[in-house]
Amino acid sequence: MNTYNKLQKKFLIWILVEVIITFALLVVLLFLPLDFNVLMPILFVLLLIGLILSLVLKSKFDYYNFLYRHSALFENLAPAVETNQIILSQAWFEMLKQEKYQLYKSYGGYSIHYKIADGPNSKRSFKTLYIVVAIADNTLSFENEIIEKSINKLEMHLYKNAKYSQRIIYQFKSDKKFTQELAKSTNMVLFARNHKQNIVLINVYHFSDDHVAYFVHSTTNPPTPYYDFASKYLIDLLNK
């Protein structure tokens, strides 16, 4: 984790240095006694090089920032959450209905439910699409491409008539006994931010005999504020 943190800071410093050097060169060029027709192409090339360097350095910074947050999350994992719910039972689906979730489609091995509601911010621009994927067929992995395509179809279905900018996706599976192997299958989480838009994906494995649900979260080092919100909302949902 410390390695990623150092690399993250290094690229941040390089970005600042690159911006300062580019700005200084622009100022120097503006004070040189150059003809306008000569000056403009030079300024354009300098700005273009500066922009390209900034984008390259920013992509590196974002990459190591993600790795740092990801490693911090997994080094400070919280334990499984106790729940008396029987995930994927009829009573559980009734609870989803009471929580205003609508069934989009049932595909046999899995079904997709959704609602659009407030997130951590009640402003309209922060409306959140909550998606619950109930996976009844345990041969389907959390990373199944068919499920991913079904989620994309839901978004296309909602595109014209629904307004939201944030997305939280929960994928649920259930088995009897807790095992490290099944718990580890939830590891492929997603947390991303693009401008003011957030997307979070959390995989949940319920173990009915142990009365717990396991998912990747941390009470001390959540990777993003929106991931922290999504984790706390999930815990509330598991306690309904």
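Mentor: Helices (H or I, at least four residues) and strands (E, at least two) are DSSP runs, numbered from the N terminus. The model is predicted, so local features need pLDDT of at least 70 and side-chain atom pairs count only at pLDDT 80 or more, while totals for chains, interfaces and linings use all residues. Residues are numbered from 1 along each chain as its sequence is written, and side-chain values use heavy atoms, leaving out hydrogens and water.

Trainee: Which residues have the most contacts inside the largest nonpolar core?

Mentor: A nonpolar core is a set of buried Ala, Val, Leu, Ile, Met, Phe, Trp, Tyr and Cys residues joined through side-chain atoms within 4.5 Å. The largest here has 28 residues, and those with the most contacts inside it are Trp-92, Tyr-170, Phe-172, Ile-202, Tyr-227, Leu-234 and Leu-238. Helix α6 gives the most to this core, with 7 residues.

Trainee: Where does His-113 lie, and which side chain does His-113 join in a polar contact?

Mentor: A polar contact is a pair of N or O atoms within 3.5 Å; within protein, one must be able to donate a hydrogen and the other to accept it, and residues adjacent in sequence count only if both atoms are side-chain atoms. His-113 lies in strand β3, residues 110-117. With a relative accessible area of 8%, His-113 is buried. Its side chain and that of Ser-111 are joined by a polar contact of 2.9 Å.

Notes:
Buried < 20%, exposed > 50% of the residue type's maximum accessible area, 1.4 Å probe, protein only.
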